[in-house]
Structures are given as C-alpha cells and as structure tokens.
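Take a look at the model below. Keep the place where the chains meet in view as you read.

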Amino acid sequence: MGLTVEQRDLRDAVRGLIAKTDPAVSPWPRLRKEIGVTALAIPERFGGAGAGLAETCVVMEELGRNLTPAPMLGSAVLAAQAVLASGDEAACERLLPAIADGSATAALAWTTPAGRWGTAELGHCARAVERHWQLTGSAHYVLDGATADVLLVAATTPDGTGLFEVDPRQDGVARTPVTTMDASRDLAVVRLADVTGRRIGEDAVAPLAFARDQACIALGAEQVGAAERALELTVAHLLTRVQFGQPLGAFQALQHRAADLHVLVESARSLSRAMAATLTGDPDLGLRAAAVKVYCSETLTRAACEMIQLHGAIGVTWEHQAHRYLKRAHSGRYLFGSPARHLSAISANLIDAPN
Amino acid sequence: MTPDTGAFLAEARDWLAAHMPPGPLPSVDTAEGFEWHREWERALAAARLSVVSWPTEYGGRDASLLEWLAFEEAYYAAGGPVRVGQNGLFLLAPTLFAHGTREQRDRLLPPMARADEIWAQAWSEPEAGSDLAAIRSRAVPTDGGWLLSGTKTWSSRAAFADRAFGLFRTDGVGADADGAGGAGGDRHRGLTYLLFGLRDPGVTVRPIRQLGGETGFAEIFLDDVFVPDANVVGAPGDGWRIAMSTASHERGLSLRSPGRFVAAADRLVALWRGVGEPADTATAHRVADAWIGARAYQLHTNATAVRLAEGGTLGTEASMGKVFWSELDIALHETALGLLGPRAELRGERWLEGCLFALAGPIYAGTNEIQRTVIAERVLSLPRASATSPGRSSTSFGRPPASPWAAALHDLLDAADVPAAARSWADGDRSTGLALWGRLAGLGVTALAVPEKWGGLGASATDLATACEELGHHAVPGPVAESLAAVPALLSALAETEGRAVPDEAESPEADDSATDGGVRAPGELPAPGDRADRCGDWLAGLATGDLLATLAMPPRLPLAADAEAAGLVLLAEPDAISAGRAGPRQRSVDPSRSLSVVNGDDVLARNAAAAVARAFDLGALACSAQLLGAARALLEASVRHARVRVQFGQPVGTFQAVKHKLADVVIAIEFARPLLDAAAAAIDRDAPTVPRDVSAAKVACGDAAALAARSALQVHGAIGYTAEHDLSLWLTKVRALAPAWGSQAWHRQRVVTSLALPSTIEPPSVGPCAAAPVTSAPSPDVERDESPWA
C-alpha cells in the first residue's frame with residue numbers, strides 16, 4: 001500500500017521535525033503547532049483539518065519509530081473520535097476545537113482492571129440526579145489520564161451505556177499515574193466519587209466501539225513504525241558488530257532471521273495501511289481493527305525480541321534502546337483488548353456469523 | 001532410593017519449609033537485595049544445605065548428581081530464592097575440583113560455601129562475546145605472580161561480588177587487533193585461568209544497568225592488578241581447555257536445574273486455573289506446552305544424570321539443553337503475561353520480571369545461535385564452512401540400541417528392503433510386506449503385548465515402544481499400533497475370566513453363563529465369558545505367532561480402521577461395546593501403503609468396557625508416538641546425509657548456517673520428545689494414574705518433532721524430496737498420516753490441560769535410583785506479592 005503524495009509529505013514533515021528536535025526535548029509542542037497533527041482526523045467545522053484515519057496513521061507510524069511519547073493516541077484519536085461519533089454537535093463544538101489545535105488534551109476513562117474495553121463491563125456507572133448525572137467508579141489504563149484537560153468517561157447508565165464529560169478539577173476526582181514498564185506511555189487510574197458529569201450524545205455503545213476500533217488501527221500504525229525502526233537498528237548492528245573475524249551479518253542464520261523479520265514488518269505495514277484506508281461507515285471496521293490489533297502487536301513483539309537477541313548482551317542493557325521497543329510492544333499488546341480477545345472477535349465474525 | 005537419601009531430602013524439605021523467607025527478597029541485582037541473598041546463603045550453609053553436592057569436608061553432603069537434582073526440585077518447589085553464589089558454586093567450584101590444587105580448594109571452598117566470598121565470572125570482553133577466544137585482556141608475568149590488564153564485561157553481579165575468575169592472555173601478548181594471537185594464529189592457546197579480588201588495587205568495577213532497571217552486571221577494568229601464582233588454576237596457557245570444561249557446566253546441568261522450570265510451570269498452571277477463560281483453548285494449549293516442556297526438560301536431565309552416574313560423560317546435551325530451556329522459559333513467561341493481560345506491564349509483577357530475565361537466556365552462557373552451530377557440527381557432523389567437498393554420507397546418531405534384542409531388530413530392518421516392501425504394499429501386493437511381518441514375528445515383535453499365557457512375551461510398554469520406534473524408523477507398512485499394541489491389550493482384558501478385567505460388565509444383565517459353546521447368538525447378544533475367553537485367547541495366540549494381523553477402529557479418536565485388508569481380525573471398540581466386525585470399502589490414505597475403512601461390528605464381544613478401551617487406546621497412542629519419533633529420526637538422518645553430499649555454490653549445502661540451524665532444531669525436538677515417550681511407557685508399566693496425561697504429552701512432543709523433521713527434511717532435500725520416487729516420500733506421507741491418528745495434537749494438548757486441572761503432584765525422577773515418594777506441589781503463592789523481606 002503506497003502513500004499519496006500528500007501523505008508522503010506529511011510523513012517527511014513529521015520525520016524531519018522529530019529528527020531536528022533535541023532528544024532531551026519533546027517534539028510534541030512543535031508537532032501540534034507547526035504540523036497540526038492533532039487536527040488531522042477532526043472535521044474542518046470543528047477546527048480540524050478534515051483529513052482522516054489514514055493521515056493519522058502516517059503520523060502514528062512516525063511517532064512509533066522513535067517511541068516518541070505523545071498524547072496523540074489517547075487524545076486526538078480515542079477521545080476525540082468518541083465525541084465525534086456520538087453525534088452530539090454541541091459537545092463537538094465545545095470540545096473538539098481545543099483538541100484539534102492541541103491546546104487541550106483529552107482522556108477517555110473506560111475499562112476495569114480486567115482491561116477488556118468492551119461495553120458490558122465499564123469502570124464507572126452513572127445515575128441521573130435531576131438534570132445532572134453523577135458518576136462513580138474507577139477506570140484503569142487511561143491514556144494520559146493524569147494530565148488530561150478534558151476527561152471523558154464511559155459509564156453504565158440505567159438505560160444502557162453513556163459517554164460523559166467530567167471536569168477533572170472537581171472534588172471527588174482522583175487521577176493516579178501508574179508505573180508501567182513502558183516509560184514512554186502515560187497511563188493512569190481515574191477514580192470518581194459521585195462526581196457530576198455532562199452526558200454526550202445518547203447511547204454510547206456504537207461511538208465507543210467506533211473510537212476503540214479507530215484507536216486499534218492507529219495503534220497498529222504506531223507498532224509498524226516501531227517494528228520497522230527496530231529492524232533498521234538491528235540490521236545496522238549486524239553490519240557493524242564483528243565476531244569470529246566477520247560482521248554478524250555475514251552469518252547466514254542471522255541473514256535469514258533478518259529477512260524473515262523484514263517480511264513480517266512489510267506485511268504488517270501493508271495490513272495497517274489497507275485498514276487505515278477504511279471508509280467511515282464501513283460495517284467491517286471492527287473486523288479490520290481486530291486484525292490490525294493482533295497482527296501488528298505480534299509483529300512488534302517479534303521484532304523487539306529479535307532485536308534484543310541479535311544484539312546479544314548489549315541488548316539487555318538499560319542503556320541500549322532495545323528494551324524500550326520491547327516494553328512498548330508489551331504495553332501496546334493489551335491496550336484496547338488483548339490479542340486473544342480480538343482473535344475471538346474475528347473468529348466470531350467469520351465463523352459464527354450466518355452465511 | 002536409599003534410606004539415607006530419603007532422610008536427607010526430608011530434612012531438606014523440613015528445613016526449607018521452616019526457614020523460607022515469607023515473601024520474595026529484593027532483587028539480587030541491587031546492593032540491598034544482594035546482601036539479603038548473601039544472608040540466605042549463610043543460613044543455608046549453617047544447615048549444611050548450601051553446597052550439598054560437595055564433599056563433607058567442605059561443607060557439603062557428598063550428594064550424588066541425582067540427589068542434588070532432587071534437592072534442587074525441592075528447593076524451587078518451596079519457592080527458594082535465586083542462589084546468589086551460583087557462579088562460584090556451580091562454575092568455579094567444579095573447576096577447582098577438576099583442575100585446582102588441594103591448597104586452592106582448602107583455601108577457597110569453605111568461604112565460598114559460607115558466602116563469605118561470592119564470586120563473579122569475568123569471561124566476556126567488549127570485542128569478545130560469542131567469540132570468547134578473541135579476548136585481549138592480558139596477564140603479564142611478574143615476581144611471584146601476574147599483572148592483569150584489560151577490560152571484562154557482562155560480569156553478572158560483579159558490582160556487589162567479592163572476587164572473580166576469568167581468562168587472560170598470557171602468550172602472544174602482542175596479539176593483533178583481531179585477538180588472533182599465539183604462534184600459528186591459534187587464539188585458543190596461551191590463555192590462562194586466574195582468580196582476582198574485585199576490590200584489589202587496580203580493579204575498577206562499573207555497574208551496567210539492565211533492561212529491567214537493576215544493575216545486574218558490570219564492566220571490570222583491570223590496570224596491572226597483581227595475582228599471585230597460587231591463584232592460577234591449572235597450568236598457565238591451559239586456560240581455554242579448563243574454561244571450556246567449565247562452560248559445559250554453565251550450559252548444562254549445573255546452572256539450570258529442572259526444578260526452576262517445573263516450579264514455574266506449576267505456577268503457570270495455577271495462574272491459568274485462577275484467571276484463564278475456559279473457552280480460550282489457544283492459551284490452554286500454550287499452558288499445556290509449557291508444562292510438557294518443563295516435564296521433558298526434567299526427564300531429560302534426570303536421564304542424563306543417571307547416565308553420568310553410571311560413568312558416562314556429558315556431551316552435547318549441554319548445548320541442546322541450553323537452547324531448550326532458554327526458549328521454554330520465554331514461552332512459559334509469555335503465556336503467563338498473556339493470562340495477566342494489561343496487568344502484565346505493571347512494575348513489580350513477578351511474571352514480568354521473570355519474562356525480562358528470561359529474555360537474557362538465549363544470550364548468556366553461549367548464544368543459542370552458537371549452540372545450534374555446535375549441535376549441527378558435533379552431533380550431526382555437518383561440515384564446517386570451509387569444506388568444499390562432500391563429506392561422509394553415512395550417519396547414525398542418537399542413542400545406541402537399548403538392548404541386544406533392539407539391535408537385532410534394527411539390523412533385521414536395515415537389511416530388509418523396507419521401502420520396496422512398502423511400495424509394493426501400496427501397489428496392492430502385500431506379499432513382501434507380510435513376509436517382513438513374519439520375520440518380525442520370528443523376533444517376537446508381534447508377541448510383545450500378548451500375555452505369556454497366550455503364547456506372548458508379556459513384555460513391557462517400554463519394550464513395545466522401542467520396537468515401534470524401530471518400525472517407524474524404517475517406515476514399516478501395516479497396522480503397527482493396532483496389531484502390536486491396542487488389539488492385544490483389548491483382547492487380553494476380554495480374555496480374562498478370572499477377576500474383573502472388564503469390571504463394568506459384571507453389572508450387565510446380559511451375560512448369560514448358560515449359553516452353549518458354538519450356539520448361534522442373536523445379534524447384540526453377548527457371548528458367555530468362557531466362550532469369549534476362548535476366542536480371544538485364540539486370537540491372541542495368532543497375534544503372538546504372527547499368523548494373525550489385527551486392526552481396529554476406536555471412534556471418535558480413531559474413526560476408521562487402518563489396513564483392514566491385511567488383517568484377519570477387525571474390531572470395533574467403543575466404551576459401550578467391543579465387537580468383531582467387517583471392514584467397509586477401502587479409503588485411501590495420504591500414506592500410499594495405508595488404507596482406512598469404516599468397521600461394521602455386529603459380533604458383540606463385551607459391553608460397558610470403557611476402562612479396557614481406554615487402556616487399549618493409550619497403548620495404541622504410545623505405539624503411534626513411538627513410530628512418529630522413529631520416523632522423525634529417519635527423516636533427520638536422511639536430511640543430514642543429503643546435506644553432507646549435495647554440493648551447491650561450491651560447497652556441501654550442510655555448510656550453510658541456515659541449514660545447520662534448521663537441522664539443529666530437529667535434533668533438539670527429537671531429543672526432548674524421547675524422555676516423554678519413555679516416561680509414558682514407564683507410567684503404563686506402573687499402571688500410574690498419570691497415564692492419560694503422560695501419553696498425551698508424548699504424542700504432542702513426538703508428533704511435533706516428526707512434523708518438524710518432515711518439513712525440514714523436505715526443505716533440505718529441495719525438489720527431489722518432493723518426488724514420489726525418492727524414498728523420502730515414504731516417511732513424509734507416513735508422518736502426515738500418523739500425526740493426527742490416535743488423537744489429534746490439539747486433542748492431546750487438551751487432555752494434558754484437563755489433567756492439570758486436577759490436583760497436581762511434582763513427580764520425582766521416574767528413571768534411576770532416586771524415585772522418591774511423590775512430593776505434593778503447593779503451587780507457589782500467586783502474583784500479588786509485595787511483602788517486604790523476612791526480618
């Protein structure tokens with residue numbers, strides 16, 4: 001799957017900006033201000049650029065390459081797409097422009113510690129009190145949950161499922177960062193104790209599923225970028241490290257392993273690009289998202305493990321970056337549902353569905 | 001097991017139970033944790049449990065290798081902490097016993113046993129990792145000793161340890177940049193094994209942080225560090241030989257005893273029982289595979305230990321074991337992380353820490369890539385990269401025949417042209433094949449599973465497995481598992497008129513003792529027990545002499561009977577009825593020498609014989625597994641023969657590293673399937689309750705090994721392997737036919753999983769003299785442990 005001219009320009013712009021930024025400084029402010037990455041998948045009437053998932057994924061691949069920490073996935077994709085899919089115009093007008101221009105980040109608090117990202121089991125429940133809603137519960141693995149300006153919460157309601165906007169500055173809101181192995185991804189536990197929220201849209205099952213599926217595809221692109229870079233670094237090592245009087249890359253077994261990895265990364269990239277080109281309203285979005293989630297997670301895990309092994313002992317040091325790719329592989333693997341869960345969804349779709 | 005061993009193990013278990021720290025100690029790779037572990041070592045030493053395999057004069061118990069393995073199992077099952085002194089205890093100490101002086105042992109071993117001195121290993125250097133011979137650190141002779149200079153790296157726990165042992169270059173001090181030194185460029189000469197203190201003048205230790213965050217290893221900079229002559233181990237210049245004997249210990253038994261993996265597998269099973277979803281068969285099968293792998297490693301190590309105890313030497317088992325346990329460890333931990341889901345990434349999660357540590361396994365103690373090359377070159381004798389001409393084409397490797405009888409069977413089959421017999425059988429002419437069966441009968445093969453009272457040998461399941469492996473090795477056509485194993489087992493149960501061989505049937509109201517001999521019975525009506533015994537006895541006698549071949553169907557696992565047209569007796573065996581019958585139309589198998597048929601059973605022999613049917617099934621599955629293992633071995637041998645002689649790009653294809661590594665993987669698969677087959681046979685012979693689990697583990701491992709051997713053989717042979725004319729097709733198709741027979745791989749994995757859902761026991765080594773009473777495993781407490789260490 002090739003990129004369009006505009007997509008290639010976007011990729012080059014992001015890659016160039018990240019490359020020119022001092023490693024000790026985050027490129028995120030410039031990415032959102034100069035390139036407007038957070039605006040990409042938001043319609044123009046809400047202050048966005050009116051592009052789509054494909055463009056978002058181009059950016060995600062680049063962010064994945066160097067494991068650049070960024071609130072893109074949690075804010076511009078998961079949270080923003082949930083609001084957009086809710087169909088609540090007023091909420092969109094209220095919330096999306098600031099997310100689009102990057103002046104605010106949003107987080108979507110969703111799942112219980114079991115981490116299923118379904119709608120049967122949510123971290124919070126909401127009860128109506130006169131014209132307000134009061135929310136209680138706790139949600140885990142919330143991307144950028146501790147620092148987000150805008151807090152969205154998925155909650156069980158008496159009539160089903162709702163999406164709520166909650167002012168994080170209220171009393172009763174507790175946001176605790178979680179220490180994870182992947183230092184480049186911020187997760188938090190969000191606890192609400194009878195906190196007031198404003199409902200967005202009506203039944204939230206479809207908007208949440210849509211947002212999750214978009215996020216899975218975006219995450220897949222990030223994983224492809226990381227896997228590709230892991231492979232590049234590994235090949236570079238194979239070309240320079242000498243043992244037994246020759247570069248490691250001269251040993252056939254290692255050549256074949258690198259070749260196998262290349263095939264894996266390329267096929268993951270093809271899948272990711274094809275799925276990112278999904279049109280809105282495609283009834284197979286869920287299936288596509290699940291496929292990307294499984295395949296790209298496996299690809300990055302394999303690439304990261306191979307990177308460590310092919311680097312030898314230096315691959316298990318803190319100083320070398322190999323472990324960061326491995327940890328990123330672990331953290332992404334279970335985000336938005338485990339591979340096993342997505343495989344079940346695919347098999348249910350393919351096998352159990354009527355002909 | 002001697003009473004002394006039993007008493008020792010009981011004492012050890014009691015002590016461990018009473019003194020085990022209540023929670024995990026801080027990581028051994030931190031300063032604080034290191035000292036906690038040192039205190040633990042001191043406690044062990046005070047109880048004389050820190051170096052049990054050493055002589056008593058040095059604080060040991062003179063424990064044999066097998067006793068040491070049993071101790072280690074108990075240690076890890078009890079949740080014992082990492083042995084912080086392991087480099088000294090399991091690498092340096094054996095070296096001192098083998099190559100050191102009395103003075104060195106007296107001086108160094110007691111403080112080592114007490115953990116007053118903890119040792120680090122100084123092997124690798126920045127330019128010498130896998131290529132250890134490329135080391136450049138030097139030892140220059142001086143008055144009374146040596147001066148060490150250079151840099152060592154990846155020295156585990158050197159930041160906290162007291163002393164270190166390492167290799168230094170003493171000849172060819174002016175070595176060139178590639179480290180190729182010494183006269184004639186032999187880099188392995190002129191190396192010396194020296195001991196030094198990590199706080200000696202001139203030593204600087206720089207900790208290196210590991211990917212989990214701890215400073216688990218370090219670089220050591222040496223600047224004219226003085227070492228007295230008394231701290232040279234062995235002769236100067238002999239260091240390589242001494243170190244390589246050490247390295248074999250590192251890869252092999254000493255550093256990774258099976259206890260660790262058995263305990264981890266048990267914890268994984270407990271985790272799966274706790275949080276696994278029943279519908280998630282993919283994960284359940286991975287849990288089964290982890291358990292099977294740990295069990296295979298345990299059995300393999302025990303068998304190797306028995307061999308060593310009987311005077312054998314440690315060969316390439318060390319390399320095979322290293323690849324096997326290191327990859328098992330990763331797979332096991334990844335399965336656990338899969339069960340934990342998002343919790344898996346939280347710091348402090350024990351399984352995660354274990355997984356990160358497991359990632360280093362394929363790297364340290366010689367990378368798995370190096371190990372595969374060693375296996376390929378030393379086990380398979382594949383030529384080195386420099387070879388340009390074809391090598392010897394004859395091959396035989398793997399263990400020697402188990403007995404003179406097994407050797408005779410092997411020779412008989414070797415001399416017979418079995419491929420020709422199989423081909424003509426496939427073409428419809430079974431005469432040569434049946435003549436071969438006749439000769440097998442002459443050797444007693446068909447009588448193995450027939451009890452003596454009916455003219456058979458009443459041999460063990462172990463002997464039966466040995467025979468079936470040979471038959472699989474030679475791709476002998478005909479209903480092997482059926483006629484040699486399952487049918488005799490079934491008929492033997494039915495022929496018993498004494499006791500309750502078919503116990504359920506005693507409750508059946510349909511048995512009629514008053515039926516007359518030879519009377520016509522209505523369909524479905526049972527024969528009188530005496531009648532039945534006579535018929536079965538006649539059949540058994542026929543099987544024993546080879547006059548009768550038999551086959552059977554056992555739905556649902558074996559829905560069709562194989563080779564019915566060669567069989568004089570066709571049975572249909574289901575839990576509710578066993579019948580003699582007729583075979584329906586013949587269906588072709590992928591194996592051209594095999595046919596399959598539905599069986600119509602109307603001559604009912606017994607009802608409600610579920611137990612007898614189950615036992616017969618397990619014996620048949622064992623026989624099938626043995627055939628698969630034999631076929632795997634044949635396929636590997638064919639691959640090696642071909643790889644040695646086939647020349648492309650100016651050299652035998654076996655010199656290409658990718659080919660070597662591919663075949664090394666087949667070696668490993670076969671090597672670790674074998675102990676599971678042996679254990680399954682032994683369990684059947686003991687009538688153990690674990691038979692279903694053990695037989696399934698054997699089928700899984702043997703089937704997978706055969707499948708890998710088949711794919712690899714075809715690949716190595718290239719196009720010619722794909723032809724029908726090449727004999728390879730006989731084995732390829734037989735593997736393809738047998739792999740799903742007697743229960744599919746998935747079904748057997750599921751059966752292992754189901755058996756693990758029952759309360760488990762860690763079984764003691766089942767071969768050799770150390771068969772202790774079963775140790776009940778309490779699965780180690782599960783994952784939520786954050787308690788502080790014991791006070």
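This report covers the contact between the chains, then the cysteines.

## The contact

This is a predicted model. Chain A puts 40 residues into the contact, and chain B puts in 43 residues. Together, chain A and chain B bury about 3,300 Å² between them. Of that area, 62% is on carbon and sulfur atoms.

## Charged and polar pairs

Four salt bridges are counted between chain A and chain B. In a salt bridge between the chains, the side chain of A:Arg116 meets that of B:Glu277, at 3.8 Å from N to O. Polar contacts between chain A and chain B come to 18 residue pairs, with both residues at pLDDT 80 or more.

## The side of chain A

Four helices of chain A each supply at least two residues to the side that touches chain B: H7 (252-276), H8 (285-311), H9 (322-334) and H10 (339-352). H9(A) gives the most, with six residues. Sorted by class, this side of chain A has 19 nonpolar, 14 polar and seven charged residues.

## The cysteines

How many disulfides does the structure hold over all chains? The count is zero. A:Cys57 is in no disulfide, and the nearest cysteine sulfur, that of A:Cys296, is 9.4 Å away. A:Cys57 counts as buried because its relative accessibility is 4%, under the 20% cut-off.

B:Cys355 is in no disulfide either. Here the nearest cysteine sulfur belongs to A:Cys305, 7.2 Å away. With a relative accessible area of 2%, B:Cys355 is buried.

How values were computed
Residues are numbered from 1 along each chain as its sequence is written. Chains are lettered from A and ligands numbered from 1 in the order in which they are written. This is a predicted model: local features need pLDDT of at least 70, side-chain atom pairs count only at pLDDT 80 or more; totals for chains, interfaces and linings use all residues. Side-chain values use heavy atoms; hydrogens and water are left out. Contact means heavy atoms within 4.5 Å. Buried area is the accessible area (1.4 Å probe) that two parts lose on being put together, summed over both. A polar contact is a pair of N or O atoms within 3.5 Å; within protein, one must be able to donate a hydrogen and the other to accept it, and residues adjacent in sequence count only if both atoms are side-chain atoms. Ala, Val, Leu, Ile, Met, Phe, Trp, Tyr, Cys and Pro count as nonpolar, Asp, Glu, Lys and Arg as charged, and the others, Gly among them, as polar. A disulfide is a pair of cysteine sulfur atoms within 2.5 Å. Buried means under 20% relative accessible area, exposed over 50%, partly exposed in between (1.4 Å probe, protein chains only).
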